[in-house]
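Below is the structure, followed by what I looked up in it.

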Amino acid sequence: MNLLAIDTATEACSAALSIDGKIIERSEFAPRRHAELILPMIASLLAEAGLSRRDLQGIAVGRGPGAFTGVRLAISVAQGLALGLDLPVVPVSSLAALALEAPDAAAQRDGAILAVIDARMGEIYAGAFRRTADGLVEAVSDETVGSAEKWILPQNPQVQLARWSVVGSGWAAYRDALAARLSAPPAFADGARYPQARAVLRLAAPRFAHGEGLAPEAALPVYLRDKVALTLEEQRAR
């Protein structure tokens with residue numbers, strides 16, 4: 001299948017194209033430039049592959065959580081392309097895509113992955129995952145938004161005592177608070193990793209193969225939070 005994936009939920013803007021299982025990609029750390037970059041990225045990928053939009057068979061999209069404008073942009077681009085081309089869409093959690101950026105070495109296979117995105121206003125988007133037998137990831141708890149100091153270790157016995165890998169900008173912003181919530185120092189931690197379209201593509205491919213694509217209008221964003229800024233009173237109280 002020829003599948004396109006995009007993710008603009010964080011500061012990283014990325015697009016990836018799978019041609020019969022081979023992935024090519026574009027990615028740029030470009031805060032506030034996603035709207036400018038994403039369509040040229042897609043055009044560049046198609047040109048490199050020698051394909052047109054009509055050759056696509058499905059579109060995968062990072063559905064959030066993340067920056068409101070970035071999540072809305074990704075969903076709107078995916079919906080627009082899919083509607084025009086009559087294609088199915090598979091929305092993928094941007095936190096799951098971020099978790100897939102954690103190392104997949106044998107030493108980490110029995111561990112757990114904490115994917116954390118800096119949500120601003122003193123909060124993080126967080127999701128806990130573990131590796132599956134096929135090298136992908138699955139959630140072991142609900143995705144949440146809240147302060148790092150109040151993040152709760154999942155009560156899943158399979159990860160309670162696991163060595164954690166931590167990825168995402170939430171670690172860079174709230175390292176000490178998150179470390180205090182873990183049962184042991186993380187086996188791996190990187191606060192400079194972001195969700196990437198290649199990971200969205202890998203997570204979506206099995207769902208496309210099983211016919212789980214959605215109609216474009218059913219591909220909806222996930223924000224977790226409906227507030228984008230602190231009030232003046234809240235700012236003064238900080």
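I started with Glu-138, which is partly exposed at a relative accessible area of 32%. My scale here: buried is under 20% relative accessible area, exposed is over 50%, and partly exposed is in between, using a 1.4 Å probe and protein chains only. Its partner is Arg-130: the two side chains meet in a salt bridge, 2.7 Å from N to O. I count a salt bridge when a side-chain nitrogen of Lys or Arg is within 4 Å of a carboxyl oxygen of Asp or Glu. Arg-130 is partly exposed too, with a relative accessible area of 23%.

**Ground rules**

This is a predicted model, so I need pLDDT of at least 70 for local features and 80 or more for side-chain atom pairs, while totals for chains, interfaces and linings use all residues. Residues are numbered from 1 along each chain as its sequence is written, and side-chain values use heavy atoms, with hydrogens and water left out.

**Confidence**

I looked up pLDDT, the predictor's confidence in each residue, from 0 to 100. The mean for the protein chain is 91, and 91% of its residues reach 70 or more. Over residues 227–238 the pLDDT is below 50, and this stretch has 11 contacts in the model beyond near neighbours in sequence. Contact means heavy atoms within 4.5 Å.

How many salt bridges does a search of the whole structure find? I get 12.

Next I picked Arg-120 and Glu-11, whose closest N and O atoms are 2.7 Å apart in a salt bridge. This pair links distant parts of the chain: Arg-120 is in strand E6 (residues 112–120), Glu-11 is in the loop between E1 and strand E2 (12–19), and 109 residues separate them. Arg-120 counts as partly exposed at 48% relative accessibility, whereas Glu-11 counts as buried at 18%.

Then came Glu-48 and Arg-26, whose side chains meet in a salt bridge at 2.6 Å, N to O. Glu-48 sits in helix H1 and Arg-26 in strand E3 (residues 22–29), so the pair ties together parts 22 residues apart in sequence. Glu-48 is partly exposed, at 49% relative accessible area, and Arg-26 is partly exposed at 23%.

**Helix H1**

H1 has 16 residues and reaches 22 Å from its first C-alpha to its last, close to the 22 Å expected at 1.5 Å a residue. That expected span is 1.5 Å times one less than the number of residues. Which residues of H1 are buried? I listed His-34, Leu-37, Ile-38, Met-41, Ile-42, Leu-45 and Leu-46. They cover an arc of only 160° around the axis, which puts them on the same side of H1; the arc is that of the directions from the helix axis to the C-beta atoms. Their cover includes E1, E2, E3 and H2. Just after H1, Gly-50 takes a positive phi of about 70°.

Thr-10 counts as buried at 6% relative accessibility. Leaving out residues up to four places away in sequence, Thr-10 touches His-34, Ile-117, Tyr-194 and Pro-195.

**Helix H2**

H2 (residues 68–85) has 18 residues and reaches 26 Å from first C-alpha to last, close to the 26 Å expected. Its buried residues include Phe-68, Leu-73, Ile-75, Val-77 and Leu-81. The buried residues of H2 pack against strand E1 (2–7), helix H1 (34–49), strand E4 (58–62), strand E5 (89–92) and strand E7 (123–131). After H2 comes Asp-86, with a positive phi near 55°.

**Cores**

Last, I looked at nonpolar cores: sets of buried Ala, Val, Leu, Ile, Met, Phe, Trp, Tyr and Cys residues joined through side-chain atoms within 4.5 Å. The largest has 31 residues, and among those touching the most other members are Leu-95, Ile-113 and Phe-129. Elements giving it two or more residues include helix H3 (94–99) and helix H5 (197–209). H5 gives the most, with 7 residues. Apart from this core lies another, of 28 residues, among them Leu-46, Ile-59, Leu-81 and Val-89.

Terms used: Helix = DSSP H or I, 4+ residues; strand = E, 2+ residues; numbered from the N terminus.
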